[in-house]
Amino acid sequence: NRKLAINIMEKLTKWLKENIVFLIILTAIIITRIFFFSPIRVNGTSMHPTLQDKEFMILNKISLKQGINRFDIVVVQENNKYIIKRVIGLPGESVMYKDNKLYINGKAVEDNYSKTTTNDFDNVVLGENEYFVMGDNRAVSSDSRIIGPVNIKNIKGKTNLIIFPFNKMGTVE
């Protein structure tokens, strides 16, 4: 039994020595994907023309530590799926659209991202940890106008880097 145990330990040690680099790389990839970055796919046309259906992007999970700003593109967990939207309203603000114009806290704010008409909606007052998000293609987007304000705990990170298709690779605003 002792010889068998020694033999097994020798084989295990040899295998670890041969594969240590692979194991370190695999561990680094897993940790990076869980805690820092992961690929995300655009589903649908709600962010058109900024983003196209089926594009792949990088979800930057650590970017949340830098804070979320108006007009950042974020990934939101809505039920069991991820949606990509643009931040329009920040915590504590009031958000309203009237006559295709964005109003934050009652003041008109230039919104250069919407390429379609945005229907009027009444003033929405955001709570302490709430954000108002909308797709750039307002005519078809299912966003905070439908799902309501998004809590910070449901925002998984920011994204602005397209990685596929290769001819679109790069950052977006």
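Two strands are said to pair if DSSP finds at least two bridges between them, and the legends below apply this criterion to a predicted model.

**View 1. The hairpin of β3 and β4 in the predicted model.** Strands β3 and β4 pair in the antiparallel sense, and six bridges join them. Within this pairing, I73 stands opposite R86 of β4. Two residues separate the strands of the hairpin, and N79 in the turn has a positive phi of about 60 degrees.

**View 2. Strand β4 and its pairing with β9.** Strands β4 and β9 run antiparallel and are joined by three bridges, with V87 standing opposite V133 of β9. Of the nine residues of β4, seven are buried, so this strand is largely enclosed by the rest of the structure.

**View 3. The salt bridge between R86 and D136.** The side chains of these two residues, R86 and D136, meet at 2.8 Å, taken from N to O. Because R86 lies in strand β4 whereas D136 belongs to the loop between β9 (130–134) and α2 (144–147), the pair ties together parts that are 50 residues apart in sequence. R86 and D136 are both buried.

**View 4. The salt bridge between R138 and D111.** The closest N and O atoms of R138 and D111 are 3.0 Å apart. R138 is found in the loop between β9 and α2, and D111 in the loop between β7 (107–109) and β8 (121–125), so that this contact ties together parts 27 residues apart in sequence. Both partners, R138 and D111, are buried.

**View 5. The salt bridge between R70 and E93.** In this pair, one of the nine salt bridges that a search of the whole structure finds, the side chains of R70 and E93 meet at 2.7 Å, N to O. The pair links distant parts of the chain, 23 residues apart, since R70 is placed in the loop between β2 (56–60) and β3 (73–78) and E93 in the loop between β4 (81–89) and β5 (94–98). R70 is partly exposed, with a relative accessible area of 22%, whereas E93, at 11%, is buried.

**View 6. A nonpolar surface patch to which helix α1 gives the most.** The patch covers about 810 Å² and is made by F22, L26, I30, I31, I34, F35, F36, F37 and I62. Helix α1, spanning residues 2–35, contributes six residues to the patch.

Terms used
Residues are numbered from 1 along each chain as its sequence is written. This is a predicted model: local features need pLDDT of at least 70, side-chain atom pairs count only at pLDDT 80 or more; totals for chains, interfaces and linings use all residues. Side-chain values use heavy atoms; hydrogens and water are left out. Patches are made of residues with over 30% relative accessible area and no salt bridge: like charges are joined within 9 Å, nonpolar side chains (Val, Leu, Ile, Met, Phe, Trp, Tyr) within 5 Å. Accessible areas come from the Shrake-Rupley method with a 1.4 Å probe; for residues, only the protein chains shown count as cover. A salt bridge is a side-chain nitrogen of Lys or Arg within 4 Å of a carboxyl oxygen of Asp or Glu. Helices (H or I, at least four residues) and strands (E, at least two) are DSSP runs, numbered from the N terminus. Buried means under 20% relative accessible area, exposed over 50%, partly exposed in between (1.4 Å probe, protein chains only).
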